[in-house]
Amino acid sequence: MFEEPEWAEAAPVVAGLSPVTSRPRPAAAAQIKGSRRRQLLATLRVLEAASLSQQSTSFPSSDSEEEVERKKKHPKRSPFANTSAKVGEKRKKCQKLGPSPGDCEDHKVEKKKCRKQALLYSDSAKEEKRKRKCPEQAPSNPAQHKDSVDQTGHKSWKSGTTNPEPSSGSISTKPPNPLTRKQWRNRQKNKRRHKNKFRPLQAPEEISAEASKAATEESEGPPTRKADSHEARAEALRARMAQRLDGARFRYLNEQLYSGPSSAAQRLFQEDPEAFLLYHRGFQSQVKKWPLQPVDRIIRDLRQRPASLVVADFGCGDCRLASSIRNPVHCFDLASLDPRVTVCDMAQVPLEDESVDVAVFCLSLMGTNIRDFLEEANRVLKPGGLLKIAEVGSRFEDVRTFLGAVTKLGFKVISKDLTNSHFFLFDFEKTGPPRVGPKAQLAGLKLQPCLYKRR
């Protein structure tokens, strides 16, 4: 009456199973319907098993280019979709063949099964989507967290989430979200905090061992001190206090020399001879910090000149200039540190008029009567003689006004050097006697005092 469909016999052969042997048709219609229903169910199960086995054995990486293109054009349906399609085909055939009560009941049962499978598939798909979207939570055990951090390293912190392995059915093409530099630094900071927070505690045996070691060290007592340790500390304290006292006295003497005339400074050193030694020692300690001392520059210049030139050193100090050149040098200062020094007021030196070739003021234009010093230098210099001045650069408010005031005292500017960071160097030539009277005011000769602050 009814012919058996071709796909019912071909399906077992495709799945690699033995073909289903067709039974002889019974005479009764009920037996025919039952056998057909069983065959249909067996065919559906075989097709379902074949599709599942093909899906498990196929991987995305092993597919060829042609298969990938074919899959793109004809997307693969899930086994549940295949089952529903088979049911739909069966329903259509049943409609053609005519309704029967046994087939309708079978259709209802299979329809219920398909609905349950579809619901299960939708739930699993939703769960998989949620897992992809939500990052994997951090482990609750801190030790495991530390191990995972150490293994993954810098890249795992930068990615922020551990990407699950791609399944055979779906490949995640989304790149990991890159972190900013600030976020990466915060991750590293949290990593260090976790490392310190979950550091393993010491065992009680180790703590007791350390305590016993400390107790033995205390029982042994401190090492034997040297007998003179107390005296050495006292000596160091005395030296430090003496150094502070000398610094305070040096600042006081320096202020007195710059704020008064040279005659007052001479009386000060005559009353206290050690004061000049103290001042000179403090002055030398300050000048040694300079990259270049001005007296060395003057010595280099005078060595290039004839050795027959007579030099007058105003404010010689320790006579370093006289010891470094071959020229005859007259040394003048307010107090004597060397037998060659002539103690006098530099405004009135014991020399005849026009008796020297070079007059030197190396950091010695101190006091409020600088004009008297320069007029005395003009008196003792020969016509065309050389005047060399080296002075601290911070004392000059306006170099041009200073040079103009010196030219009015009978000198001409030859050269000036303002390149040094600590002092300026000027060379003048004597042109004649001063061109202004003794009562004329020369504002350019008022230099700022060189005061030292407490360190």
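In what order do the strands of the open sheet lie? The order is β3-β2-β1-β4-β5-β7-β6, a sheet of 7 strands with mixed pairing.

The model is predicted, so local features need pLDDT of at least 70 and side-chain atom pairs count only at pLDDT 80 or more, while totals for chains, interfaces and linings use all residues. Residues are numbered from 1 along each chain as its sequence is written, and side-chain values use heavy atoms, with hydrogens and water left out.

View 1. Strands (E, at least two residues) and helices (H or I, at least four) are DSSP runs numbered from the N terminus, and two strands pair if DSSP finds at least two bridges between them.

**View 2. Strand β1 and its two partners.** Val311 and Asp313 point one way from β1 (residues 311-314), Ala312 and Phe314 the other way, and all are buried (under 20% relative accessible area, with exposed over 50% and partly exposed in between; 1.4 Å probe, protein chains only). β1 pairs in the parallel sense with β2 (residues 329-333) over 4 bridges, and 4 bridges also join β1 to the parallel strand β4 (residues 356-362). Val311 stands opposite Val329 in β2 and opposite Val358 in β4. Phe314 stands opposite Phe332 in β2.

**View 3. Trp290 and Phe423.** The ring centres of Trp290 and Phe423 are 6.3 Å apart and the planes are at 15°, so the pair is stacked. Rings of Phe, Tyr and Trp (its six-membered ring) pair if their centres lie within 6.5 Å; planes under 30 degrees apart count as stacked, over 60 as edge-to-face and the rest as tilted. Trp290 lies in the loop between α11 and α12 (294-303) and Phe423 in β7 (residues 423-430), so the pair ties together parts 133 residues apart in sequence. Both Trp290 and Phe423 are buried.

**View 4. A cluster of phenylalanine rings.** Ring pairs link Phe396, Phe402, Phe424, Phe426 and Phe428.
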